[in-house]
Amino acid sequence: MPVRPGNERAPAAAASRSKLERVVRQIGHLLPAQGPINVFIHHNTLHAFEHLPFDEAVLEASRLFGCQPYLSEDRYRQELRHGRIHEADVNAVLAAELGPRADATVLANLSRLELRRRIAIFGIPQRHGPALRWTLEETNVLKRLRADLPAEAQNALGLGNPHNGGRAEQARYIRRLWDSCRRAIERAANVSPAVQPAPIRHRDLLLAAFELDIDQWVHPPLIRATSAFLDQGLADWAMPGRERGLYRCFVDLYRSRLARWCGPIGKELQRSLCAEHDEQQDSWTSLARSLECLGLAADEWEPFLRAEALALRGFAGMIHQFELRPDRVPARAVPAQLVDFFAVRLLILRAALSYAAPAAGYQGSLAELRPWLRNHLPQPPAPSADDRAWPLFHLAQLGGLNVAHVDNLNAEEIARVEAELGEFDQTARRRLLHRAYERRLRQRYFDALAQHRPQPVSKPAFQVVFCIDEREESIRRHLEEVDPSVETFGIAGFFGVAMYYRGVTDAHARPLCPVAIRPRHFVAEINTASASGLRARLLRLSEQVGALVDKNVHLGSRRARRGAAIFAVLGALWVIPLVLRVVFPWLHRALRRSYDSLQLRRVRLAIEHQEAQRPPLGEQVGFTTEEMTEIVFSQLAATGIRQRFAPLVLILGHGSTSLNNPHESAHDCGACGGGRGGPNARAFAQMANLPQVRAALDARGLHIPSEVWFVGGERNTASNDIALYDTELAPNHVHALLRQAINSLESARRREAHERCRRFDNAAPSLTPAASLRHVQTRSADLAQPRPEFGHATNALCLIGRRSRTRGLFLDRRAFLVSYDANGDPDGAQLDQLLGAVVPVVAGISLEYYFGYVDPTNYGSGTKLPHNVTALVGVMDGAQSDLRTGLPWQMLEIHEPVRLSIVVEAKTALIRRLLEQRAELKRLVDHGWVFLATLDPASGEIVELDATGEHRYVPEHALAVCPGSSRAHYEGRRGHLPFVALGAATARSNAPAD
Amino acid sequence: MHQLIEVTATITVVAPLLLLLVTGLTAPTKLLGEKGVGVITRVALLAALAASLTALFAYLLSDRRLVLLKLGSWFTASEARFSFDLALDALSLGFAALSLLICNIVAAFSFRYLHREPGFFRYFFQMAMFVVGICSVALAGSVELLFVGWELIGLSSALLVGFFQERPAPADNALRVFSIYRLSDAAMLSAAVLLHHWTGSGNLTSLFTTTEQPHLTLAAGQTLAIGSLLIIAVAGKSALWPFSGWLPRAMEGPTPSSAVYYGALSIHAGCFLLLRVQPLLAASGIATALMIFGGVATSVYGALSGRVQTDVKSAISYATLTQVGIIVVEIAFGLQLLPMLHIAGHACFRLLQFLSAPNVLHDLHELENRLGEELHPSSKQRTGQGRPAVYLFALERGFADSLLDRALVAPFRRLISILDAFDRLLVFERPSRRERRS
């Protein structure tokens, strides 16, 4: 009986299949974790590297992704010149890094610390090969001393002041110095060229050896097919057979004879797909076969597939996200699988190689192509004498070594110097400078916190709870300045209410809670107004007609006949909205708002549990009393509000509106999963007002006096519009207070807009607060405005503690402020919850901004201007590119890339204990992804915690005091501002002596 | 009245020209700052718009006879004259006014949109180049001025496609656009040369006016030759099939430049030219048939491809093509007012649609909220009419690029390499590229 050939290989196939599965899963972790763009979630771009210390992780990632780990050296030196970094910071960081090795003498009479300090501060220009030749021949480097030379080096060189010395003399001297450096190198031992490992992808080998980029053929069909597969409703026609997965869909589509026309590789592709179809494979076997065809051994699968995936990481990541979180897909689920993407990619790759290999002069099988290509790689040249003399030449100038010194160096000494330079290479210098850059900001923050005198409010007239977002820092400050009787709090802006929510005008329900939570509850907004009467009917009719017209114009504009009819007859009318929206956006906004205000709506949230109803999403409709009690308790218990409830408590969520901004959701509330937090705030207020909830809270020891009333609302962080909900339900005794609150919020939002306008270059510094408000309102309604607001840019700090610690302190919209009062939390249980919920979120925001800023083109998504919305899930650059998943430059522009400094107002011992319980948090802190410090609730002493232990902080500079309001401090200034105490605040006694 | 028309028409051309000079001279040093560029651009464009509107109304109130305004002469050699003339009538002044209105709107948009962009000054210089080009094409009364305008539109368009110089894709696509434009320009140049050769001057007015029928001075064959060359020139510039492949590739530039070129003006410049020379084309049955064929093919192709594009800018650009095809057919049928209205309406609408293309998520969300349901309920969404081949054809954009590559580029390259081999054989053995580098 004949043996079927497949049978004996079955176990081997199963083993290789499971290995392949493991490989694909591993690669999935490295891909961008950004899901569809309509819900933008901030997270650590390098989440997959959190098991490594920060500095190792950024290097590893820069190797893998081809991205920058830090800012450029030049940028840091610019910050040094501008005083953003002090030399003292460089010295302090350097001393800490070197430890006992600092004092060893490396060159002449210079210690290692001194040598590195000079290199770090003054720098050695990076030049070699032709660029160095050009510099030597065409610039003044061999005619003059460096202009920025430190004075001690000038004196040591014996030239006195080089600016006064004779030009010719100086030129002769510098020429001799260069020659002696050249001679020194000639005395030294030879070095071999740095050996670069050969790239693993065929494409990189072909590019290096023959300047042939096969990605130009692989990517276009892959991008088109993938985005058609993922499309959420941008195209009229959906891809046929999507339900069978990308692989089958692609094979069926592109095996048609027409596909032979698909670019130069079309013929090869179509032929191989026909074979693929005949064999009826699935994507795993297809992938395994492709790997075999390409001559990849099992141990190469992981690095090879990883490199292939990273070449189009945006789309690969989006497929992966669709696979992982089908519940976050906006409109229609498609069976996306990463393995399908790989199988398709390798099929196209094989076709491209079959086409390209003969062009490069290769005739054999694809499996042998890579060894052949490796033999054709150009050899990197060894560094020339000039290349090696160049750093030495600069070192001589910086270190004050004269010609005689250099001539006396022997081979061993030169080897030592070169080793030192190798160790303190560009990356090490950038790391050092970056640490100094972060240190300065941290010191300023700690100085401010340690010295600011707490300003408690004994008997607040009313209280406002904001989100912890750093964009709320300014409005809280202004509100407190406008009305000193107000007390403010910060709670994560979903206010503990995790729900699917559908507004009365919404077509879809959406989750409003942090991404990590999948809500169980569904809450709808319902219209309780009677909808009869002529006016109501007319309005409804006008809305329906408007929607119908919009729909027909939207769809019709893409059709031939309907479009022709529309344009030829009505087209010229479009000049009206065109001029209105583009030239007079403020007018358009005003008209729009006055139309909207005609609406007669009386809406309520259906917040209470309805047993009988089935929710469209989630598990139950509304919340039970126990659930509501738990929510209110968990949110208020640790904030310190329980000791002194005011009769009126406002709960303000936040969101942001902007036009022409695919990243609109990135400005919304992170705690609401990139949604707007108004409904959450409103639901929370409604819950806290329910008598049965109050009674249950009493039983749990949280007493809310009966006269206290909660009102929910939402602030728009772009336009500064503030809406309060259900105010007509407020009892009579709070009416006066409510009016006071509304008035205070009104002036606070104007002042806040005024402060925010100082960061917008095209807002004149002379704007009044009222004009500033109009300015930011127009920004959020302007099609032409790529910067409706700056989002989280400039975030750098976080305080988990009482507001009294920061009240009256100008923190420049840079601090996440989380309310926590250690007095109400003796065992730290509330703090534990708070740390677990808050730290990953704020760390994610800060790190996403960090990476976006240090490498805007690779980690970020570059400038917004050419962005092109694709498949309604992401943006491409221009006509066709990979999906750009990071933050756009216009959101980052004014940021300072630093890791977040988190200060917790609690006992150090408590924090240590809590960290031990939360491994994920401890990893973030120990690996330096965030800085953590404690602020003693009683003594106000700051202790820094890191992997090496605890360090008591000693204030460096006195906290400046700015008499007057915030405006006096910021007015007329555009850049980042120092932290100051406002008003008549006096510094505490533990200020430093200076 | 005529004097008023002449003065205002001159301002219409000269104001953008001054703007071009000033922005061009100051762009490298950023001398004027963003504010300064904003002010002079506003002033120049508003002045030109006001002038063109005045000229248009003055013309409509006058006796409505075509005005030929001689701006100057390049040179004259024996009986051949090379001159820059403006031909002013309702069509040319109307198109100029429409163009300037749109340029004003786009400039207002761009000041805010490109604020703080490194290429801000370059952008406004290239926009000024475009305004000069479009005004010249609109008002041209001689083939010389027409050609200059045509070239300026093409050059600025290619430069703006390649606006983002730090990535390779814009440069590649700009080159592609530019090469199609060269083809179109070559056709235009040939038409100009033939016109000069056969009539002795580049005066276009003889082609514009139907009343005097002076085109009869051309033989039927000559009419066909000039007409076909002009149609090829238009097909390249307006992305008619089979030259349509470059249009979605041109979406590399900043959104407002895509809007003004491929939504509003540049794409219609070809249609306008056809409208201008309609009397000439109408005289040749073959040219008319060619136009109808090109228009219908473009329209069908655009409608088909537009249905499956999954990125918003490609989808809009194919929707634009669909209408451009229809406009060409309307012109072929000898209509005048309808295509003009169609152009104006379409340009305004597409401009807004392109400018708000990044808003598509917001707009669709709002629209669905107002409709209370999904725009394309997944149950009803059509799936490529069930035929994968149709879908593939549309998804791969009708293989328009491959078609050109295989039908035109490959034979041309073969020809060149044959010539090259011949050259080497005859003249001398040149070192190959690799040898030279080492």
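Which residues touch the most other members of the largest nonpolar core? Keep that in mind as you open the model, which is a predicted one. Select B:I102 and B:L351: of the 418 residues in the largest nonpolar core, these two touch the most other members.

**Stop 1: around B:L351**

Stay on B:L351 and show its contacts, leaving aside neighbours within four places in sequence. On chain B you will find B:I102, B:I105, B:A259, B:V260, B:G263 and B:A264, and from the other chain comes A:L578. In soluble globular proteins, nonpolar side chains tend to be buried together. There is also a second, separate core, this one of 6 residues. To find it, select A:A718, A:F760, A:L773 and A:V776, which are among its members.

**Stop 2: where the chains meet**

Now colour by chain and turn to the contact between the two. Here 78 residues of chain B are in contact with 79 residues of chain A. If you colour the chain B side by residue type, you will see 37 nonpolar, 26 polar and 15 charged residues.

**Stop 3: the two domains of chain B**

The domain assignment of chain B gives domain 1 as 2–163 + 173–360 and domain 2 as 396–438. Give each a colour; their C-alpha centres lie 33 Å apart. Where they meet, 6 residues of domain 1 of chain B are in contact with 6 residues of domain 2 of chain B. On the domain 1 side, the touching residues are 3 nonpolar and 3 polar, with no charged ones.

**Stop 4: backbone details in chain B**

Most residues other than glycine have a negative phi, and most peptide bonds are trans.

Go to the loop between α8 (220–237) and α9 of chain B, where B:P242 lies. The peptide bond joining B:W241 and B:P242 is cis, with omega about 10°. B:A239 lies in the loop between α8 and α9 as well. Its phi is near 60°, a positive value in a residue other than glycine. Is B:A239 buried or exposed? B:A239 is buried, because 31 other C-beta atoms lie within 10 Å.

Next, select B:R116, in the loop between α3 and α4 (120–139) of chain B. B:R116 is not a glycine either, yet its phi is positive, at about 70°. Having 14 C-beta neighbours inside 10 Å, B:R116 counts as partly exposed.

**Stop 5: a buried strand in chain A**

Bring chain A back and select β13, residues 797–801. How many of its 5 residues are buried? The count is 5 of 5, so this strand is mostly covered. Show the side chains: A:L797, A:L799 and A:G801 point one way, A:C798 and A:I800 point the other way, and all are buried.

Strand β15 (residues 815–819) of chain A pairs with β13(A) in the parallel sense over 5 bridges. One place to look is A:G801, whose bridge partner in β15(A) is A:S819. β19(A) also pairs with β13(A) in the parallel sense, over 4 bridges. Here, look for A:L799 and its bridge partner A:V903.

**Stop 6: an open sheet**

Still in chain A, move on to three strands that form an open sheet in the order β16-β17-β18, with antiparallel pairing. The edge strands are β16 (867–870) and β18 (883–884), each of which pairs on one side only. Between β16(A) and β17 (residues 874–877) of chain A there are 4 bridges. Select A:H867 and you can find its bridge partner in β17(A), A:D877.

**Last stop: colour by confidence**

Finish by colouring chain A by pLDDT. The mean is 89, and 96% of the residues reach 70 or more.

Methods:
Residues are numbered from 1 along each chain as its sequence is written. Chains are lettered from A and ligands numbered from 1 in the order in which they are written. This is a predicted model: local features need pLDDT of at least 70, side-chain atom pairs count only at pLDDT 80 or more; totals for chains, interfaces and linings use all residues. Two residues are in contact if their C-beta atoms, placed from the backbone, lie within 7 Å. Ala, Val, Leu, Ile, Met, Phe, Trp, Tyr, Cys and Pro count as nonpolar, Asp, Glu, Lys and Arg as charged, and the others, Gly among them, as polar. Two strands pair if DSSP finds at least two bridges between them. Helices (H or I, at least four residues) and strands (E, at least two) are DSSP runs, numbered from the N terminus. pLDDT is the predictor's confidence in each residue, from 0 to 100. Domain bounds come from an automatic or database domain assignment. A residue is buried if 20 or more other C-beta atoms lie within 10 Å of its own, exposed if 12 or fewer, and partly exposed in between; C-beta atoms are placed from the backbone. A nonpolar core is a set of buried Ala, Val, Leu, Ile, Met, Phe, Trp, Tyr and Cys residues joined through C-beta atoms within 7 Å.
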